[in-house]
Amino acid sequence: MLIRKAPDLTYADVTPKSVYLNRRKFLRDMGIVGAAAFAGKGLFDLALTPQVAFAGTKFTGLVKSPFSTTEKQNTFEDVTHYNNFYEFGTNKGDPAKNATKFNTSNWKVSVEGEVKTPRKFTMDDILKIAPLEERIYRHRCVEAWSIVVPWIGFSFSNLAKLVEPTAKAQYVAFESYFDPSQMPEAKYAGIDFPYVEGLRLDEAMNPLALLCVGMYGETLANQDGAPVRMILPWKYGFKSTKSLVKIKFQSKMPPTTWNRLASNEYGFYANVNPNVDHPRWSQAKERRLGEIFKRPTLMFNGYSDQVAAMYNGMDLKKNY
Ligand code: MTE
(Lines give C-alpha, C1' and ligand atoms only; values in the text may rest on other atoms or scores of the structure.)
Protein backbone atom coordinates (compact mmCIF):
# COMPACT_ATOMS: atom_id res chain seq x y z
CA MET A 1 0.00 0.00 0.00
CA LEU A 2 1.28 3.43 -0.86
CA ILE A 3 1.65 5.46 2.30
CA ARG A 4 1.94 9.17 1.65
CA LYS A 5 3.83 11.20 4.16
CA ALA A 6 1.65 13.51 6.19
CA PRO A 7 3.12 16.75 4.78
CA ASP A 8 2.21 15.62 1.24
CA LEU A 9 -1.44 15.32 2.20
CA THR A 10 -3.86 18.04 1.37
CA TYR A 11 -7.24 18.68 2.90
CA ALA A 12 -8.76 17.53 -0.40
CA ASP A 13 -6.93 14.17 -0.22
CA VAL A 14 -8.41 12.97 2.96
CA THR A 15 -11.88 11.74 3.63
CA PRO A 16 -13.78 13.03 6.62
CA LYS A 17 -15.36 10.47 8.91
CA SER A 18 -18.75 12.04 8.17
CA VAL A 19 -18.28 11.17 4.50
CA TYR A 20 -17.45 7.55 5.36
CA LEU A 21 -20.49 7.44 7.56
CA ASN A 22 -22.65 8.99 4.84
CA ARG A 23 -21.43 6.36 2.37
CA ARG A 24 -22.26 3.57 4.74
CA LYS A 25 -25.67 5.04 5.45
CA PHE A 26 -26.23 5.47 1.72
CA LEU A 27 -25.40 1.83 1.13
CA ARG A 28 -27.52 0.73 4.07
CA ASP A 29 -30.44 2.83 2.88
CA MET A 30 -30.20 1.08 -0.47
CA GLY A 31 -30.29 -2.25 1.33
CA ILE A 32 -26.76 -3.07 0.29
CA VAL A 33 -24.82 -5.22 2.71
CA GLY A 34 -21.08 -5.70 2.31
CA ALA A 35 -19.94 -2.36 1.00
CA ALA A 36 -16.57 -3.73 -0.14
CA ALA A 37 -18.23 -5.56 -2.99
CA PHE A 38 -19.03 -2.25 -4.59
CA ALA A 39 -15.63 -0.61 -4.22
CA GLY A 40 -14.26 0.61 -7.53
CA LYS A 41 -17.67 0.73 -9.20
CA GLY A 42 -18.13 4.44 -8.73
CA LEU A 43 -20.91 3.94 -6.26
CA PHE A 44 -18.89 5.49 -3.44
CA ASP A 45 -18.34 8.63 -5.48
CA LEU A 46 -22.06 9.07 -5.94
CA ALA A 47 -22.45 9.24 -2.19
CA LEU A 48 -19.74 11.84 -1.66
CA THR A 49 -20.72 15.11 -0.06
CA PRO A 50 -18.70 18.34 -0.21
CA GLN A 51 -15.82 18.21 2.23
CA VAL A 52 -16.87 20.94 4.58
CA ALA A 53 -16.36 19.05 7.82
CA PHE A 54 -12.73 18.24 8.46
CA ALA A 55 -13.02 16.76 11.93
CA GLY A 56 -12.32 13.05 11.93
CA THR A 57 -10.05 12.97 8.87
CA LYS A 58 -7.19 10.44 9.18
CA PHE A 59 -3.50 11.26 8.89
CA THR A 60 -0.91 8.68 7.85
CA GLY A 61 2.89 8.57 8.06
CA LEU A 62 3.17 10.54 11.28
CA VAL A 63 6.64 10.95 12.76
CA LYS A 64 7.06 9.82 16.38
CA SER A 65 8.27 12.63 18.60
CA PRO A 66 11.06 12.28 21.17
CA PHE A 67 9.05 14.67 23.36
CA SER A 68 6.27 12.12 23.83
CA THR A 69 5.45 10.71 27.24
CA THR A 70 4.95 6.96 27.63
CA GLU A 71 2.23 7.55 30.23
CA LYS A 72 -1.16 5.99 29.64
CA GLN A 73 -3.19 8.06 27.19
CA ASN A 74 -6.68 9.25 27.93
CA THR A 75 -9.38 7.95 25.67
CA PHE A 76 -10.65 9.91 22.66
CA GLU A 77 -14.02 9.90 24.41
CA ASP A 78 -12.54 11.62 27.51
CA VAL A 79 -10.67 14.22 25.52
CA THR A 80 -13.63 15.10 23.30
CA HIS A 81 -16.30 15.23 26.03
CA TYR A 82 -14.60 17.20 28.80
CA ASN A 83 -13.64 20.50 27.21
CA ASN A 84 -13.14 24.14 27.88
CA PHE A 85 -14.16 26.04 24.76
CA TYR A 86 -16.25 28.91 26.08
CA GLU A 87 -17.35 30.00 22.62
CA PHE A 88 -19.50 26.84 22.65
CA GLY A 89 -20.69 26.96 26.27
CA THR A 90 -19.16 26.82 29.73
CA ASN A 91 -20.09 23.32 30.89
CA LYS A 92 -17.52 20.63 30.13
CA GLY A 93 -19.97 18.71 27.92
CA ASP A 94 -21.23 21.77 26.01
CA PRO A 95 -18.51 22.02 23.30
CA ALA A 96 -19.07 18.40 22.20
CA LYS A 97 -22.78 19.13 21.76
CA ASN A 98 -22.62 22.67 20.40
CA ALA A 99 -19.60 22.56 18.07
CA THR A 100 -20.78 19.72 15.83
CA LYS A 101 -21.72 22.10 12.99
CA PHE A 102 -18.75 24.46 13.44
CA ASN A 103 -17.74 25.31 9.88
CA THR A 104 -13.96 25.21 9.52
CA SER A 105 -13.80 25.10 5.71
CA ASN A 106 -11.63 27.61 3.81
CA TRP A 107 -9.76 28.33 7.03
CA LYS A 108 -7.01 30.94 6.98
CA VAL A 109 -4.49 31.95 9.61
CA SER A 110 -3.04 35.43 9.25
CA VAL A 111 0.54 35.74 10.48
CA GLU A 112 1.47 39.39 10.79
CA GLY A 113 3.07 42.20 12.80
CA GLU A 114 6.81 42.46 13.32
CA VAL A 115 7.75 40.05 10.53
CA LYS A 116 9.53 40.52 7.20
CA THR A 117 7.04 38.42 5.24
CA PRO A 118 3.49 38.55 6.61
CA ARG A 119 1.33 35.82 5.17
CA LYS A 120 -2.10 34.24 5.24
CA PHE A 121 -1.81 30.45 5.51
CA THR A 122 -4.53 28.05 4.34
CA MET A 123 -4.78 24.66 6.07
CA ASP A 124 -3.08 23.10 3.05
CA ASP A 125 -0.19 25.59 3.44
CA ILE A 126 0.08 24.72 7.13
CA LEU A 127 0.17 20.95 6.51
CA LYS A 128 3.14 21.47 4.19
CA ILE A 129 5.29 23.50 6.58
CA ALA A 130 6.95 20.57 8.35
CA PRO A 131 6.58 16.81 8.80
CA LEU A 132 3.63 16.10 11.05
CA GLU A 133 4.57 14.50 14.34
CA GLU A 134 2.52 12.62 16.89
CA ARG A 135 3.34 14.16 20.28
CA ILE A 136 1.90 12.54 23.34
CA TYR A 137 1.80 15.33 25.89
CA ARG A 138 0.54 15.75 29.41
CA HIS A 139 -1.96 18.63 29.42
CA ARG A 140 -2.75 20.27 32.78
CA CYS A 141 -5.73 22.56 33.19
CA VAL A 142 -5.61 25.39 35.75
CA GLU A 143 -8.71 23.77 37.29
CA ALA A 144 -6.48 20.91 38.55
CA TRP A 145 -7.47 18.17 36.12
CA SER A 146 -5.14 16.72 33.54
CA ILE A 147 -5.15 14.52 30.45
CA VAL A 148 -2.60 12.73 28.25
CA VAL A 149 -3.27 13.23 24.55
CA PRO A 150 -1.56 12.11 21.33
CA TRP A 151 -1.66 15.46 19.55
CA ILE A 152 -0.48 15.93 15.94
CA GLY A 153 1.47 18.89 14.64
CA PHE A 154 4.94 20.39 14.55
CA SER A 155 6.94 22.94 16.52
CA PHE A 156 5.48 26.43 16.13
CA SER A 157 9.02 27.69 15.39
CA ASN A 158 8.76 26.14 11.90
CA LEU A 159 5.96 28.53 11.02
CA ALA A 160 7.62 31.48 12.75
CA LYS A 161 10.83 31.05 10.75
CA LEU A 162 8.87 31.22 7.48
CA VAL A 163 7.61 34.73 8.23
CA GLU A 164 10.99 35.95 9.55
CA PRO A 165 10.28 37.87 12.79
CA THR A 166 12.11 41.22 12.95
CA ALA A 167 14.36 42.32 15.84
CA LYS A 168 11.37 44.18 17.31
CA ALA A 169 9.39 40.96 17.80
CA GLN A 170 9.53 40.19 21.54
CA TYR A 171 6.11 38.57 21.98
CA VAL A 172 3.58 36.58 19.98
CA ALA A 173 -0.16 37.25 20.26
CA PHE A 174 -2.64 34.50 19.39
CA GLU A 175 -6.28 35.07 18.46
CA SER A 176 -9.13 32.58 18.09
CA TYR A 177 -11.88 32.63 15.53
CA PHE A 178 -15.09 34.24 16.69
CA ASP A 179 -18.45 34.28 14.96
CA PRO A 180 -21.45 34.91 17.24
CA SER A 181 -23.80 33.37 14.69
CA GLN A 182 -21.93 30.05 14.89
CA MET A 183 -21.27 30.44 18.61
CA PRO A 184 -24.53 31.68 20.17
CA GLU A 185 -23.61 30.32 23.63
CA ALA A 186 -20.64 32.68 23.78
CA LYS A 187 -22.80 35.56 25.00
CA TYR A 188 -23.36 33.73 28.31
CA ALA A 189 -19.70 32.84 28.87
CA GLY A 190 -18.70 35.92 30.87
CA ILE A 191 -15.45 36.51 28.97
CA ASP A 192 -14.72 38.76 26.00
CA PHE A 193 -14.24 37.27 22.54
CA PRO A 194 -12.28 36.70 20.43
CA TYR A 195 -10.25 34.61 22.88
CA VAL A 196 -6.72 36.02 22.99
CA GLU A 197 -3.47 34.71 24.42
CA GLY A 198 0.22 35.47 24.24
CA LEU A 199 3.75 34.19 24.74
CA ARG A 200 7.19 35.67 24.97
CA LEU A 201 9.04 35.06 21.69
CA ASP A 202 11.50 32.59 23.25
CA GLU A 203 8.60 30.59 24.71
CA ALA A 204 6.90 30.47 21.32
CA MET A 205 10.15 29.33 19.71
CA ASN A 206 10.74 26.57 22.26
CA PRO A 207 10.54 23.23 20.42
CA LEU A 208 7.82 22.00 22.81
CA ALA A 209 5.40 24.72 21.64
CA LEU A 210 3.23 22.76 19.24
CA LEU A 211 1.16 24.10 16.36
CA CYS A 212 -1.47 21.39 16.52
CA VAL A 213 -3.66 20.16 13.66
CA GLY A 214 -4.82 16.81 14.99
CA MET A 215 -5.28 14.25 17.73
CA TYR A 216 -5.53 10.43 17.88
CA GLY A 217 -4.35 10.02 14.28
CA GLU A 218 -6.92 12.36 12.79
CA THR A 219 -7.78 16.04 12.37
CA LEU A 220 -8.80 17.92 15.50
CA ALA A 221 -12.29 17.44 16.82
CA ASN A 222 -14.21 20.72 16.60
CA GLN A 223 -14.53 20.90 20.39
CA ASP A 224 -10.76 20.52 20.77
CA GLY A 225 -9.99 23.58 18.64
CA ALA A 226 -10.30 22.58 14.99
CA PRO A 227 -8.72 23.04 12.61
CA VAL A 228 -5.53 24.43 14.18
CA ARG A 229 -4.55 25.41 17.73
CA MET A 230 -1.60 25.80 20.06
CA ILE A 231 -0.51 23.22 22.64
CA LEU A 232 1.90 24.41 25.36
CA PRO A 233 2.37 21.43 27.64
CA TRP A 234 4.35 23.19 30.39
CA LYS A 235 1.65 25.84 30.85
CA TYR A 236 -1.89 25.68 32.15
CA GLY A 237 -4.33 24.71 29.42
CA PHE A 238 -5.86 28.18 29.03
CA LYS A 239 -2.65 29.38 27.29
CA SER A 240 -3.31 26.93 24.42
CA THR A 241 -5.48 28.98 22.05
CA LYS A 242 -8.00 26.99 20.02
CA SER A 243 -9.21 27.56 16.44
CA LEU A 244 -6.47 30.05 15.61
CA VAL A 245 -7.05 32.74 12.99
CA LYS A 246 -4.42 35.34 13.84
CA ILE A 247 -0.84 35.21 15.04
CA LYS A 248 0.86 38.55 15.57
CA PHE A 249 4.51 39.13 16.39
CA GLN A 250 4.88 42.32 18.39
CA SER A 251 7.16 44.35 20.66
CA LYS A 252 4.65 44.67 23.56
CA MET A 253 3.29 42.00 25.88
CA PRO A 254 -0.17 41.17 24.52
CA PRO A 255 -3.32 41.20 26.67
CA THR A 256 -4.72 37.75 27.46
CA THR A 257 -8.36 36.76 28.00
CA TRP A 258 -8.18 35.35 31.53
CA ASN A 259 -5.66 37.90 32.75
CA ARG A 260 -7.96 40.70 31.59
CA LEU A 261 -10.82 39.15 33.54
CA ALA A 262 -8.98 38.37 36.81
CA SER A 263 -5.32 39.36 36.82
CA ASN A 264 -4.83 38.23 40.43
CA GLU A 265 -5.87 34.69 39.44
CA TYR A 266 -4.43 34.24 35.96
CA GLY A 267 -0.98 35.59 35.12
CA PHE A 268 0.64 36.07 31.73
CA TYR A 269 3.07 33.18 32.20
CA ALA A 270 0.71 30.55 33.64
CA ASN A 271 3.48 27.98 33.92
CA VAL A 272 2.37 24.83 35.72
CA ASN A 273 3.76 25.26 39.24
CA PRO A 274 2.71 23.07 42.18
CA ASN A 275 4.28 25.59 44.59
CA VAL A 276 2.15 28.56 43.58
CA ASP A 277 -1.50 28.07 44.39
CA HIS A 278 -4.39 29.65 42.58
CA PRO A 279 -5.91 32.16 45.06
CA ARG A 280 -8.98 29.92 45.36
CA TRP A 281 -7.46 26.41 45.26
CA SER A 282 -4.23 24.46 45.57
CA GLN A 283 -2.19 23.55 42.48
CA ALA A 284 -0.13 20.91 44.32
CA LYS A 285 -2.18 18.01 42.98
CA GLU A 286 -4.29 17.16 39.99
CA ARG A 287 -6.83 14.56 38.95
CA ARG A 288 -6.08 12.74 35.72
CA LEU A 289 -9.39 12.28 33.90
CA GLY A 290 -10.60 8.72 34.38
CA GLU A 291 -8.72 8.24 37.67
CA ILE A 292 -10.05 8.44 41.20
CA PHE A 293 -7.00 9.43 43.24
CA LYS A 294 -5.17 12.69 42.75
CA ARG A 295 -1.51 12.71 41.76
CA PRO A 296 1.15 15.31 42.56
CA THR A 297 1.53 18.05 39.97
CA LEU A 298 5.04 18.32 38.54
CA MET A 299 6.99 21.57 38.14
CA PHE A 300 6.45 22.84 34.57
CA ASN A 301 4.14 19.83 34.23
CA GLY A 302 7.22 17.57 34.07
CA TYR A 303 8.88 19.49 31.20
CA SER A 304 11.56 21.31 33.30
CA ASP A 305 14.47 19.92 31.27
CA GLN A 306 13.15 21.62 28.16
CA VAL A 307 11.77 24.87 29.57
CA ALA A 308 13.10 25.79 33.04
CA ALA A 309 16.12 27.70 31.65
CA MET A 310 13.79 30.23 30.00
CA TYR A 311 12.75 31.43 33.46
CA ASN A 312 16.15 31.55 35.16
CA GLY A 313 16.35 34.41 37.64
CA MET A 314 12.61 35.14 37.51
CA ASP A 315 10.51 35.14 40.65
CA LEU A 316 7.90 32.56 39.70
CA LYS A 317 5.62 33.60 42.54
CA LYS A 318 5.38 37.09 41.05
CA ASN A 319 5.40 35.94 37.44
CA TYR A 320 2.64 33.36 37.82
N1 MTE B 1 -9.39 28.57 23.35
C2 MTE B 1 -10.55 29.22 23.08
N3 MTE B 1 -10.67 29.84 21.90
N4 MTE B 1 -11.59 29.25 23.95
C5 MTE B 1 -11.51 28.64 25.18
O6 MTE B 1 -12.48 28.70 25.96
N7 MTE B 1 -10.14 27.32 26.72
C8 MTE B 1 -8.76 27.07 27.17
C9 MTE B 1 -7.89 26.50 26.04
N10 MTE B 1 -8.11 27.24 24.82
C11 MTE B 1 -10.30 27.95 25.51
C12 MTE B 1 -9.26 27.92 24.55
C13 MTE B 1 -8.70 26.19 28.33
S14 MTE B 1 -9.20 26.87 29.81
C15 MTE B 1 -8.23 24.91 28.25
S16 MTE B 1 -8.01 23.97 29.67
C17 MTE B 1 -7.93 24.27 26.96
O18 MTE B 1 -8.22 25.13 25.86
C19 MTE B 1 -8.76 23.02 26.85
O20 MTE B 1 -8.42 22.30 25.70
P21 MTE B 1 -9.16 20.89 25.44
O22 MTE B 1 -10.64 21.13 25.56
O23 MTE B 1 -8.77 20.45 24.07
O24 MTE B 1 -8.66 19.95 26.50
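Between which strand and which helix is Thr-69 found? Thr-69 belongs to the loop that connects strand E1 (63-64) and helix H3 (76-81); helices (H or I, at least four residues) and strands (E, at least two) are DSSP runs, numbered from the N terminus. This is a predicted model, in which local features need pLDDT of at least 70 and side-chain atom pairs count only at pLDDT 80 or more, while totals for chains, interfaces and linings use all residues. Residues are numbered from 1 along each chain as its sequence is written, and side-chain values use heavy atoms, with hydrogens and water left out.

Thr-69 is buried, its relative accessible area being 13%; buried means under 20% relative accessible area, exposed over 50%, and partly exposed in between (1.4 Å probe, protein chains only). Its side chain reaches the backbone nitrogen of Glu-71 at 2.9 Å.

**Ligand site**

The ligand is surrounded by 17 residues, and the closest are Tyr-86, Ser-176, Asp-224, Arg-229 and Lys-242; a residue is near a molecule or strand if one of its heavy atoms lies within 4 Å of it. This shell divides into 7 nonpolar, 6 polar and 4 charged residues. Nonpolar covers Ala, Val, Leu, Ile, Met, Phe, Trp, Tyr, Cys and Pro, charged covers Asp, Glu, Lys and Arg, and the others, Gly among them, count as polar.

| Protein atom | Ligand atom | Distance |
|---|---|---|
| Asn-83, side-chain N or O | oxygen | 2.8 Å |
| Tyr-86, backbone N or O | oxygen | 2.8 Å |
| Ser-176, side-chain N or O | nitrogen | 2.8 Å |

Taken alone, the ligand exposes 530 Å², of which the protein buries 98%; accessible areas come from the Shrake-Rupley method with a 1.4 Å probe.

**Strand E11 and its partners**

Strand E11 (residues 244-250) is mostly covered, with 5 of its 7 residues buried. Strand E2 (residues 108-113) pairs with E11 in the parallel sense over 4 bridges, where two strands pair if DSSP finds at least two bridges between them. Within E11, Lys-246 is the bridge partner of Ser-110. Strand E6 (residues 171-176) runs antiparallel to E11 and is joined to it by 6 bridges. Tyr-171 stands opposite Gln-250 in E11.

**Helix H6**

In helix H6 (residues 156-163), Phe-156, Ser-157, Leu-159, Ala-160 and Val-163 are buried. Seen down the axis of H6, these buried residues fall within an arc of 160 degrees, so they line one face of the helix; the arc is that of the directions from the helix axis to the C-beta atoms. Just after H6, Glu-164 adopts a positive phi of about 55 degrees.

Technical notes. Polar contact = N/O pair within 3.5 Å; in protein donor to acceptor, adjacent residues only side chain to side chain.
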